[in-house]
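Have the model open while you go through them.

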There are 2 protein chains.
Amino acid sequence: MSAIQKNVEATSEQYSSSFTKGDLVLPPAKKYLVLTCMDARIDPAQAFGIELGDAHVIRNAGASAVDALRSIVISEQLLGTTEIVLVKHTGCGMLTFKNEDAYGVVEKSLGAEAVEELKAKSLDFLPFSHLDDAVEDDVRFLKASKLVPDSVTISGWVYEVETGKTRRVV
Amino acid sequence: MSAIQKNVEATSEQYSSSFTKGDLVLPPAKKYLVLTCMDARIDPAQAFGIELGDAHVIRNAGASAVDALRSIVISEQLLGTTEIVLVKHTGCGMLTFKNEDAYGVVEKSLGAEAVEELKAKSLDFLPFSHLDDAVEDDVRFLKASKLVPDSVTISGWVYEVETGKTRRVV
């Protein structure tokens with residue numbers, strides 16, 4: 001068992017021993033979803049004030065709305081959320097490369113077969129070059145999608161990994 | 001401004017006022033990633049013992065490895081993670097419907113144009129019918145992918161929303 005797996009088991013023992021929230025229901029109590037980046041420096045519950053049971057939290061590389069669309073549709077259409085809080089962040093890895101760079105890294109590290117798999121899946125890494133613009137682009141994408149009704153409230157934000165602040169963009 | 005947006009702003013004030021982790025670097029310190037569900041009843045940091053800066057956290061509907069592949073490749077190939085902890089959970093919404101049900105809900109709620117958009121994007125909601133099997137399937141998918149090298153350690157778990165416990169499946 002790896003050190004990380006041991007940590008999951010030890011944490012589980014401790015966390016469950018004082019756990020009191022076993023009666024929470026499936027649909028988020030406050031009917032919203034937060035979409036943010038997978039970045040290790042973000043703790044959405046603490047930084048954005050999410051109590052257990054209140055909101056769906058979707059996280060992927062770059063807080064991409066395009067990549068998150070499946071989860072967003074499920075959240076809204078099947079589980080009743082009516083508001084989206086989209087949060088990208090300073091220092092995001094997605095600002096540091098382009099698709100061709102990532103394809104090059106995969107080829108060098110994993111070989112031609114891995115690149116074939118990327119191509120077979122039409123995998124777009126969805127990097128971006130300007131942070132605030134990317135927030136606006138993603139909010140625009142969601143507002144334009146027929147899969148997100150106009151009744152859904154959408155806001156776009158930037159979390160600053162240097163200060164712990166979250167500022168509104170749109 | 002909605003109540004949820006006000007909560008983000010108020011939390012930001014408070015969180016940043018005592019924030020001391022502004023020097024954390026981009027790559028996860030403990031070189032691992034956690035993939036879990038967007039479900040509102042999961043707090044990955046608390047339940048799985050993730051300190052700020054230690055691990056990427058990817059979340060989507062059902063903790064789908066297929067859906068998360070873009071983020072996983074970025075995490076490993078560009079940001080140096082070498083271990084995956086995949087956690088699905090009891091009471092998951094993905095156990096409660098099939099693709100055709102979701103398409104039906106979208107059509108009834110949002111109309112034919114929305115269904116056209118689903119079809120144009122070939123959107124598969126990726127539901128599953130058995131929890132432990134789905135964990136095993138996803139671990140198998142990752143192990144079979146050329147995009148995840150054999151050197152990456154992968155474990156699969158189930159978090160129990162009723163008890164706060166996390167148990168190993170594979």
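1. How many nonpolar, polar and charged residues does the lining of the second largest cavity have? This is a predicted model, and in it that lining has eight nonpolar residues, three polar ones and one charged.

2. Who are they? From chain A, the second largest cavity is lined by A:Leu26, A:His56, A:Ile74 and A:Leu79. Chain B brings B:Cys37, B:Met38, B:Asp39, B:Ala61, B:His89, B:Cys92, B:Gly93 and B:Met94 to that lining. The volume of this cavity comes out at about 50 Å³.

3. On the cavity count: the structure holds three of 30 Å³ or more.

4. If you want to find the largest cavity on screen, look for A:Cys37, A:Met38, A:Cys92, A:Gly93 and B:Leu79, which lie nearest its centre among the 13 residues of its lining. By class, the lining of the largest cavity splits into eight nonpolar, four polar and one charged.

5. Now to the helices of chain A. Helix 4 (residues 99-110) and helix 5 (residues 112-120) of chain A have axes that come within 7 Å of each other and cross at roughly 145°. On the helix 4 side, the contact uses A:Tyr103, A:Val106, A:Glu107 and A:Leu110. Helix 5 of chain A answers with A:Ala112, A:Ala114, A:Val115, A:Leu118 and A:Lys119. Sorted by class, this helix 4 to helix 5 contact has seven nonpolar residues, two charged and no polar ones.

Terms used: Residues numbered from 1 in each chain as written. Chains lettered and ligands numbered in written order. Predicted model: local features only at pLDDT ≥ 70, side-chain atom pairs only at ≥ 80, totals over all residues. Heavy atoms only, no water. 1 Å grid on protein atoms, 1.4 Å probe; cavity = no way out; pocket = protein on both sides within 12 Å on 5 of 7 lines; lining within 4 Å. Points joined across faces, edges and corners; volume = space filled by probe spheres on them. Nonpolar A, V, L, I, M, F, W, Y, C, P; charged D, E, K, R; others polar. Axes fitted to C-alpha atoms, helices over the stretch in contact; angles between N-to-C directions. Helix = DSSP H or I, 4+ residues; strand = E, 2+ residues; numbered from the N terminus. Contact = heavy atoms within 4.5 Å.
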